[in-house]
Amino acid sequence: MATIKKFQVTFDCARPERVARFWCEVLGYVAPLPPEGFATWDDFNGSLPPEDRDAWFACSDPSGVGPRLYFQRVPEGKTAKNRVHLDVRVGTGLVGEERLATLEAECARLVALGAVRVRLLPADDENESCIVMQDVEGNEFCLD
């Protein structure tokens, strides 16, 4: 039997700390403390050569259960639909109007954080409703 391995989810982005802090708010994750010897992340970044400043940021589930999220700066912008995306499971176990109300409330909270609502995918014979959204840099995710 294969052993279960931990994994992290990596995002390519233009502004790693901005995107990471958005996802901290979405998921209740926490940003790490600055590296040892630095009072703040700004102090740490200021110690690096200009080309290495703000090159990455990470956040993690404070309970240790969920995967670490890692954000790395890349020079190119997003040009196509994501091949992988996160489903933020806020409506698990809910159906119909109760599920939709829960999804809409979370959508409103995330829009206030800078997310963009793309479209509602209404329930059908096989699936419950979900809302397709984009984070602060246009990466798609679903409220499910």
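Is Arg-99 buried or exposed? Arg-99 counts as buried, at 5% relative accessibility; buried means under 20% relative accessible area, exposed over 50% and partly exposed in between, with a 1.4 Å probe and protein chains only. The model is predicted, so local features need pLDDT of at least 70 and side-chain atom pairs count only at pLDDT 80 or more, while totals for chains, interfaces and linings use all residues. Residues are numbered from 1 along each chain as its sequence is written, and side-chain values use heavy atoms, with hydrogens and water left out.

Asp-144 forms a salt bridge with Arg-99, and their closest N and O atoms are 2.8 Å apart; the term stands for a side-chain nitrogen of Lys or Arg within 4 Å of a carboxyl oxygen of Asp or Glu. Because Asp-144 lies in the segment after β7 (140–143) and Arg-99 in helix α3 (residues 96–112), the pair ties together parts that are 45 residues apart in sequence. Helices (H or I, at least four residues) and strands (E, at least two) are DSSP runs, numbered from the N terminus. Asp-144 is buried as well, with a relative accessible area of 18%.

Glu-104 is partly exposed, with a relative accessible area of 30%, and Arg-117 is partly exposed at 34% relative accessibility.

Another salt bridge lies within a helix. Glu-17 and Arg-21 have their closest N and O atoms 2.8 Å apart. Both belong to helix α1 (residues 16–27), where they are 4 residues apart, about one turn of the helix. Glu-17 is partly exposed at 24% relative accessibility, and Arg-21 is partly exposed at 37%.

Strands β4 and β7 run parallel and are joined by 3 bridges, and Leu-86 stands opposite Phe-141 in β7.

Strand β1 (residues 8–13) pairs elsewhere. Strands β1 and β3 (residues 68–73) pair in the parallel sense over 6 bridges, and Gln-8 stands opposite Arg-68 in β3. In a regular strand the side chains alternate between the two faces of the sheet. In β1, Val-9, Phe-11 and Cys-13 make up the covered face, while Gln-8, Thr-10 and Asp-12 make up the uncovered one.

The last topic is the aromatic rings. A search of the whole structure finds 10 aromatic pairs. Among them, Phe-38 and Phe-44 form an edge-to-face pair, 5.3 Å centre to centre with 85 degrees between the planes. Rings of Phe, Tyr and Trp (its six-membered ring) pair if their centres lie within 6.5 Å; planes under 30 degrees apart count as stacked, over 60 as edge-to-face and the rest as tilted. Phe-38 is partly exposed at 29% relative accessibility, whereas Phe-44 is buried, with a relative accessible area of 14%. Trp-41 and Phe-44 are also edge-to-face, because their ring centres are 5.6 Å apart and their planes are at 90 degrees. Trp-41 and Phe-44 are 3 residues apart in helix α2 (residues 41–46), so about one helical turn separates them. Trp-41 is buried, as is Phe-44. Phe-38, Trp-41 and Phe-44 belong to one aromatic cluster, together with Trp-56, Phe-57 and Tyr-70.

Definitions and conventions. Pairing = 2+ DSSP bridges.
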